[in-house]
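Subject: Structure for you to look at

Dear colleague,

I am passing on a structure that may be new to you, and below it I have set down what was found in it. Please keep the sequence and the model open while you read.

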Amino acid sequence: MASCLKKVVLLLLLSSLAAQQHLCAADPTDGFTRVQFTDENRMLQKPYDKAPEDRYSKVDGVEKFWIYTNDKPFKEGSPTRPRTEIRITGHDYTSGVWQFEGNFFVPQGTSGAIIMQVFGAADEATTLQLRVINGDLKYYGNNVVAANIYSRWVRLNVIHNVGAGKVTIFIDGDQKLVVNDHGRATFYFKYGVYGALSGSSNYMESRWKGIKLFKK
């Protein structure tokens, strides 16, 4: 009986210690300095033949982006797919360690949609694309960063260490993926919804809130 009681006490202690470690786990933003930006730093890109309110809204701090797969590109003559995105301006970078934080919500049915990008690379357009494909969040169309993300709010943190050439992705505070970037360039962050080259659903939507930037 005494031995059994000791085991129970030990299990309770271990459980308590694990809970404390979880509560005290480092946040992705620890050690970073907040970068202030305003609506003036948000450049909306949307189908060139649509008014902003036809593809974008902001209510109570929640930004909603939506497109249809047959929408026009963001400017006449562009060969790119349709998008409704915010391009963060005034904070382009070529060095240092930068971090994007935001909470996103993607409704059931949206697929083949790029919802966040680190734009800029040595020999291609982007260093990072996060795509929603059949309910999973993926690094480009490959690694699954988070599964079953439909219809729930998800916290995203992306850290780009330019000197080390690394991009680290956190979901709800947990590190999920570390990848190499695509070479030195001028970089900036984008978020919203952008049709992938293939496999896009007819209607694509993402919602965002709590957008923040940090740097070291």
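Helices (H or I, at least four residues) and strands (E, at least two) are DSSP runs, numbered from the N terminus. Both Glu85 and Lys190 are buried, where buried means under 20% relative accessible area, exposed over 50%, and partly exposed in between (1.4 Å probe, protein chains only).

Please bear in mind that this is a predicted model, in which local features need pLDDT of at least 70 and side-chain atom pairs count only at pLDDT 80 or more, while totals for chains, interfaces and linings use all residues. Residues are numbered from 1 along each chain as its sequence is written, and side-chain values use heavy atoms, with hydrogens and water left out.

By the salt-bridge rule the count comes to 12. One of them joins Asp27 to Arg155, with the closest N and O atoms 3.0 Å apart, and this pair too links distant parts of the chain, with Asp27 in the loop between helix H1 (2–23) and strand S1 (33–35) and Arg155 in strand S11 (residues 154–161), 128 residues apart. Asp27 counts as partly exposed, because its relative accessibility is 25%. Asp27 and Arg155 also belong to a network of salt bridges that includes Glu101 and Lys212. Another salt bridge holds Asp39 and Arg42, the closest N and O atoms being 3.3 Å apart, and Asp39 is exposed, with a relative accessible area of 52%.

Turning to the strands, S14 also pairs with strand S7: the two run antiparallel and are joined by 6 bridges, and Met116 has Tyr191 in S14 as its bridge partner. Two strands are said to pair if DSSP finds at least two bridges between them. Strand S7 (residues 113–119) is mostly covered, as 6 of its 7 residues are buried. S7 pairs in the antiparallel sense with strand S8 (residues 126–133) as well, over 6 bridges, and there Val118 stands opposite Leu128. The hairpin of S7 and S8 has 6 residues between the strands, and in it Gly120 takes a positive phi near 110°.

Asp172 counts as partly exposed, because its relative accessibility is 41%. Asn148 likewise has a positive phi, near 55°; Asn148 lies in the loop between strand S10 (144–146) and S11 and is exposed, with a relative accessible area of 61%.

With best wishes

Key
Salt bridge = Lys/Arg side-chain N within 4 Å of Asp/Glu carboxyl O.
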